[in-house]
Structures are given as structure tokens and as C-alpha cells.
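Below are my notes on the model, written as numbered points. Please read them with the structure open beside you.

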Amino acid sequence: MAMGKTPGDNEGDEGVFAEINITPLTDIFLVLLIIFMVTSSVIVQQGPGGGAKAGLKVNLPKGGAADVTARTTDLAVAVLADGRFVLAGNVVSEDELRKSFDDAREKDPDTVVIVQADEGVPHGTVVQVMELAKKAGLGQLAIGVREGE
């Protein structure tokens, strides 16, 4: 005995049309999922601290000092293990980094430069970034670390 009635059935009118089309509902859920995924990635990249917590995976060394409170005017520079510089989620060259430091000094001379260097980065590369900031006139520097155990 058939539970549903198809449009071609003429045996009787006692059957109930029991098919539900869930394709439009599935499409709506998939679109909402994509919207939430894109929105969450934008929120993470533009989070508080002007990129200080931009969702960039850098293996920071451990430290026990108090946290630096990030402001919106702060400039976070990540130095990856291979020596590349990342500023606001974009890989930049040394010249672009220097120009960004100059622009930050013009906007706010009290800008703090937060250097987030991978644990395996040579000390000289971190010093190089700090020297670029000092030459641009940004004297307030901080080094990003993860909390010690």
C-alpha cells in the first residue's frame, strides 16, 4: 500500500500527498553557513588591537611579563619563521614596512609597534624590525609573547 500519492495516480482519492521538498531549505542553510564563515573571518582579522590579534599563527616564545594593552592605533608586525614580515594580515617587504611606519608616525607619534616574532626567528631579524620603527620615529616598542606556564 502506497503512503503517498503521485500526480499520475487515479486509483482513489484516499491517499495523502506526503512528499516534502527540502532542497530550498538546504540551500538557505548553506547560504547562511557561508555568510557566517565569511563574517567570522573578517571579524577575526579586524579585531581589537589594530591587527595585534589578527588570527595569525605565530609560535611566540613564552614570557612572564604583564600584557600590553593593545590600542586601535597600535601597529602589530609579525615576523614569520622564514623571515617574511606580515602587517595587517598581508606579507610586506622591508620598504613597505618602512613606509607603514612613516605613515603611522604621521597619524599618531605615540603609536606602539608590537613585534610578534616566531620562536625560531633569528634575533637579528627582530632587531631589524625594531630599528626600522625607531628610524621612522616610533620609539615605543613591545615584543609579543605567549603566557608562560
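1. Strand β2 is largely enclosed by the rest of the structure, because 5 of its 5 residues are buried. Buried means under 20% relative accessible area, exposed means over 50%, and partly exposed lies in between, with a 1.4 Å probe and protein chains only. Leu75, Val77 and Val79 point one way from β2, Ala76 and Ala78 point the other way, and all are buried. Strands here are DSSP runs of E with at least two residues, helices are runs of H or I with at least four, and both are numbered from the N terminus.

2. The model is predicted: local features need pLDDT of at least 70, side-chain atom pairs count only at pLDDT 80 or more, and totals for chains, interfaces and linings use all residues. Residues are numbered from 1 along each chain as its sequence is written, and side-chain values use heavy atoms, with hydrogens and water left out.

3. Which strands does β2 pair with? Strand β2 (residues 75-79) runs parallel to β5 (residues 112-117), and 5 bridges join them. With β3, the pairing of β2 is antiparallel, over 3 bridges. Two strands pair if DSSP finds at least two bridges between them. Val77 can be followed in both directions: its bridge partner in β5 is Val115, and its bridge partner in β3 is Leu87. The hairpin of β2 and β3 has 5 residues between the strands, and Gly83 takes a positive phi near 95° there.

4. Now the whole sheet. It is open, has 5 strands in the order β4-β3-β2-β5-β6, and its pairing is mixed. At the edges stand β4 (90-92) and β6 (140-143); each has a single partner strand, so one side of each is left without a neighbour in the sheet. On average, neighbouring strands of this sheet are turned by 30° against each other, direction ignored. Axes are lines fitted to C-alpha atoms, for helices over the stretch in contact, and angles run from 0 to 180 degrees between N-to-C directions.

5. Two helices pack on this sheet. Helix α2 (residues 94-107) touches β2, β3 (85-87), β4 and β5, and its direction makes about 165° with that of β2. Helix α3 (residues 123-135) touches β2, β3, β5 and β6, and makes about 165° with the direction of β5. Contact means heavy atoms within 4.5 Å.

6. How do the two helices meet? The axes of α2 and α3 come within 9 Å and cross at roughly 40°. The two are therefore oblique to each other; angles under 35 degrees count as roughly parallel, over 145 as roughly antiparallel, 65 to 115 as roughly perpendicular, and the rest as oblique. On the α2 side the contact is made by Glu94, Leu97, Arg98 and Phe101, and on the α3 side by Gln128, Val129, Leu132 and Ala133.

7. Thr125 is a residue to look at in helix α3. Thr125 counts as buried, at 15% relative accessibility. Beyond residues up to four places away in sequence, Thr125 touches Val79 and Phe85.

8. Val92, in strand β4, is buried, with a relative accessible area of 16%. Its contacts, leaving aside neighbours within four places in sequence, are Phe85, Leu87 and Leu97. Gln140, in strand β6, counts as partly exposed at 39% relative accessibility. Not counting residues up to four places away, Gln140 touches Asp110, Thr111, Val112 and Val113. Gln140 and Pro109 are 31 residues apart in sequence, and their C-alpha atoms are 9.3 Å apart in space.

9. Last, the chain as a whole. The protein chain has 3 helices and 7 strands, in the pattern α-β-β-β-β-α-β-α-β-β along the sequence. Of its 149 residues, 27% count as buried. Among contacts with a separation of 6 or more, 67% are between residues 24 or more positions apart.
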